[in-house]
Amino acid sequence: MKRLFSELRGKRGGNKAMKRFLVFLEQREGVVKQASIDTWNRVQELATLRPDITVTGLLAGPADLLQLEGRMAGTGVLYLASEARFSIYNPERYQRLITDIMKREACSDLFFADTVLSRDLAPRLSVRLQASLLSGCSIVEDIASEGSCTRALYSGSVIASFAPRRPLRIYTTSSRPTHPIIPSEAYISLVRLEPPGFIEAAFLPVVRGLVMRESGSDVAEAGIIVAGGRGMGSAEDFEQLEELARLLGGVVGASRPVVDEGWRPHAEQIGQTGKTVAPALYVACAISGAPQHLAGIGSARKVVAINSDPHAPIFDVADYGIVGDVHLVLPKLIEGLQEFLKKR
Amino acid sequence: MVVQWLSGETAMDIAVCLCQVPDTASVISVLDGAVDLSRVHEVMNPFDEYALEEAVRLKERFEGSVVTLFCAAPPSAKEMLRKALALGGDRAVLISGTEEPSDPFQTALLLSRAISACYATALPDLILCGKHSTDFQSAQVPLMLAELLDIASVSAIIKLNASTEGIQVEREIEGGIELLDLHYPALFSVEKGLNVPRKTTIKAVIEARKKPIEHLSLTLSESPFVAITAMKPLIRKKQCRFVSDAKELIRLLSHEEALF
């Protein structure tokens with residue numbers, strides 16, 4: 001289905017009785033984050049629950065807009081702050097941009113995807129706007145009615161509901177893959193923002209540079225993760241996981257002991273002192289499933305566990321399991337996948 | 001302010017914010033809609049250990065520097081503060097309000113007032129915090145504190161290089177690393193990987209007994225921004241389907257789950 005994608009200039013009129021939700025869209029090097037698009041689509045879903053909600057978007061920094069075509073659901077205005085000075089995240093600049101739009105549009109609720117950027121920016125905005133900040137929301141449906149949301153605490157052993165106490169509210173929502181049903185009348189207007197009039201003082205800190213890893217991919221954003229635990233045996237044994245990840249189009253992750261051993265970098269660590277991930281598929285190889293590790297994979301859609309111990313706690317949270325030595329199972333899995341992919 | 005001594009050496013005032021979390025072995029149970037803390041053993045937040053270690057390393061490098069620990073918690077946190085003093089802190093401030101802070105904003109508020117009160121004329125040169133507490137993982141307090149103190153800040157740093165002129169830091173972003181430059185004063189929240197914290201020694205534990213823990217009583221006049229309205233145990237058990245061979249697994253994942 002082809003969706004209308006128009007560009008408007010100037011300001012639109014507004015109805016004061018409407019409840020206005022603002023969704024912040026994040027880009028890096030011109031690519032809009034999938035997590036931001038997911039958040040936009042989730043907020044659009046919320047808006048269908050209440051007819052008095054309007055959704056507005058704000059995209060900071062120059063970005064390729066064609067990539068958004070057909071991926072964003074619903075109706076609303078998307079503001080583009082496409083000046084080069086917004087291309088790299090700067091807390092002060094971004095704060096001023098967002099507060100400006102919040103005021104101009106009389107928005108009551110601000111939404112971010114739960115990312116490295118929003119974890120830095122949202123708490124600052126909370127103080128500046130005197131707004132309630134509800135971060136890492138996994139269940140958001142109650143936001144439309146009461147403003148409350150739900151998320152897991154204490155390594156995923158407790159689930160808690162948080163309610164805002166201020167008239168302005170900020171939410172960061174944890175990732176959940178969305179497959180938006182885009183109706184033919186879906187209509188998003190693009191509005192280029194006039195350069196915001198704030199004075200460019202020496203905003204600190206200054207970003208001196210950006211060093212991206214060769215693949216540029218991150219476990220926090222991956223759709224498929226192949227993770228290994230101490231039972232892998234050595235750093236070299238992770239080559240098999242890399243091969244499996246490559247075949248599946250995913251990335252390699254690691255449990256804490258593996259990182260502590262220095263087999264893998266901390267950027268790949270998943271769990272309480274690592275990253276929280278939300279892939280469609282999580283393959284846990286030789287990971288026993290300590291609560292600290294499970295804390296990071298609560299949002300994984302399907303979990304596959306390969307472990308030699310049939311009583312390993314990882315099997316309690318797995319959808320599919322193979323009991324066996326990873327060193328024997330992995331070569332078969334790799335071989336089987338190679339065959340499978342060849343046939344397709 | 002960074003004091004330039006005649007020798008050319010620099011002394012810094014460093015504040016470290018600490019909090020307590022249940023240790024990883026604790027069983028968390030919910031009682032009347034709240035976590036039953038009576039069955040929980042509390043320890044220093046693991047991320048705060050990296051913040052403290054970095055502060056102590058800076059103190060060792062810049063002679064004459066003073067590391068002050070700040071903690072907004074009930075009096076029972078004293079034991080944790082003693083340990084932090086044994087790890088290299090010079091003095092500690094235990095902040096108690098008329099009531100306990102109930103959200104990150106109130107905690108940040110108490111910390112900002114305590115820091116302002118302790119460094120009467122200026123801010124400390126550096127404020128270090130853990131990236132987040134491992135129990136709630138909100139990661140809100142450090143940045144709220146920076147905003148309240150109106151101080152430059154960077155979150156989740158994995159490298160810190162301080163000189164008399166300024167500070168260079170690195171932080172991890174999705175898929176890479178961001179390099180940043182700052183001037184003093186600055187606040188950082190720290191990520192795992194910044195350093196490997198030291199262990200306490202018996203000598204340090206004995207010496208820590210002589211170090212001061214000051215009690216600071218503050219009134220919380222502002223209401224919290226957020227309230228917890230419900231809490232219940234989360235049971236995440238799935239029914240695992242065991243398969244005997246790799247081929248069968250591939251078939252299930254591709255055909256039944258349509259994952260690839």
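This is a predicted model: local features need pLDDT of at least 70, side-chain atom pairs count only at pLDDT 80 or more; totals for chains, interfaces and linings use all residues.
Chain A has 344 residues, and 51% of them count as buried. The contact between the chains draws 70 residues from chain A and 66 residues from chain B.

**Chain A at a glance**

- Chain A holds seven helices and 18 strands.
- Take the contacts in chain A between residues at least 6 apart in sequence: 66% of them join residues at least 24 apart.
- Arg28(A) is a handy residue to look at, and you'll find it in strand S3 (residues 27-28) of chain A.
- Is Arg28(A) buried or exposed? Arg28(A) counts as buried, because it has 22 C-beta neighbours inside 10 Å, and the cut-off for buried is 20 or more.
- Arg28(A) and Tyr89(A) sit 61 residues apart in sequence, yet their C-alpha atoms are 8.7 Å apart in space.

**The nonpolar cores**

- The largest nonpolar core counts 136 residues.
- Among the residues with the most contacts inside that core are Leu22(A) and Leu58(A) from chain A, along with Val16(B), Phe70(B) and Leu128(B) from chain B.
- Another core, of 50 residues, lies apart from the largest one, and its members include Ile225(A), Leu244(A), Val304(A) and Tyr320(A).
- As a bit of background, nonpolar side chains in soluble globular proteins tend to be buried together.

**Around strand S10 of chain B**

- Strand S10 (residues 126-130) of chain B is largely enclosed by the rest of the structure, because five of its five residues are buried.
- Leu126(B), Leu128(B) and Gly130(B) point one way from S10(B), while Ile127(B) and Cys129(B) point the other way.
- Strand S3 (residues 13-17) of chain B runs parallel to S10(B), and four bridges join the two. In this pairing, Val16(B) stands opposite Leu128(B).
- S10(B) also pairs in the parallel sense with strand S14 (residues 186-190) of chain B, this time over five bridges. Here the bridge partner of Leu128(B) is Phe188(B).
- Which residues does Leu128(B) touch, leaving out those up to four places away in sequence? They are Ile14(B), Val16(B), Ala51(B), Glu54(B), Ala55(B), Phe188(B) and Val190(B).

**A sheet with strands from both chains**

- One open sheet has six strands with parallel pairing, in the order S15(A)-S14(A)-S16(A)-S17(A)-S18(A)-S17(B).
- Strand S15 (251-254) of chain A and strand S17 (241-242) of chain B stand at the edges with a single partner strand each, so one side of each has no neighbour in the sheet.
- Further in, strand S17 (residues 302-307) of chain A pairs with strand S18 (residues 320-323) of chain A over four bridges, in the parallel sense.

**Where the chains touch**

- Several elements give two or more residues to the side of chain A that touches chain B, including helix H3 (116-129), strand S10 (158-164) and helix H7 (326-343) of chain A.
- Which element gives the most to this side? H3(A) does, with eight residues.
- The chain A side divides into 37 nonpolar, 19 polar and 14 charged residues.
- S10(A) and strand S16 (residues 226-233) of chain B run antiparallel, joined by seven bridges.
- Phe162(A) stands opposite Ile228(B) in S16(B).

How values were computed:
Residues are numbered from 1 along each chain as its sequence is written. Chains are lettered from A and ligands numbered from 1 in the order in which they are written. A nonpolar core is a set of buried Ala, Val, Leu, Ile, Met, Phe, Trp, Tyr and Cys residues joined through C-beta atoms within 7 Å. A residue is buried if 20 or more other C-beta atoms lie within 10 Å of its own, exposed if 12 or fewer, and partly exposed in between; C-beta atoms are placed from the backbone. Two residues are in contact if their C-beta atoms, placed from the backbone, lie within 7 Å. Two strands pair if DSSP finds at least two bridges between them. Ala, Val, Leu, Ile, Met, Phe, Trp, Tyr, Cys and Pro count as nonpolar, Asp, Glu, Lys and Arg as charged, and the others, Gly among them, as polar.
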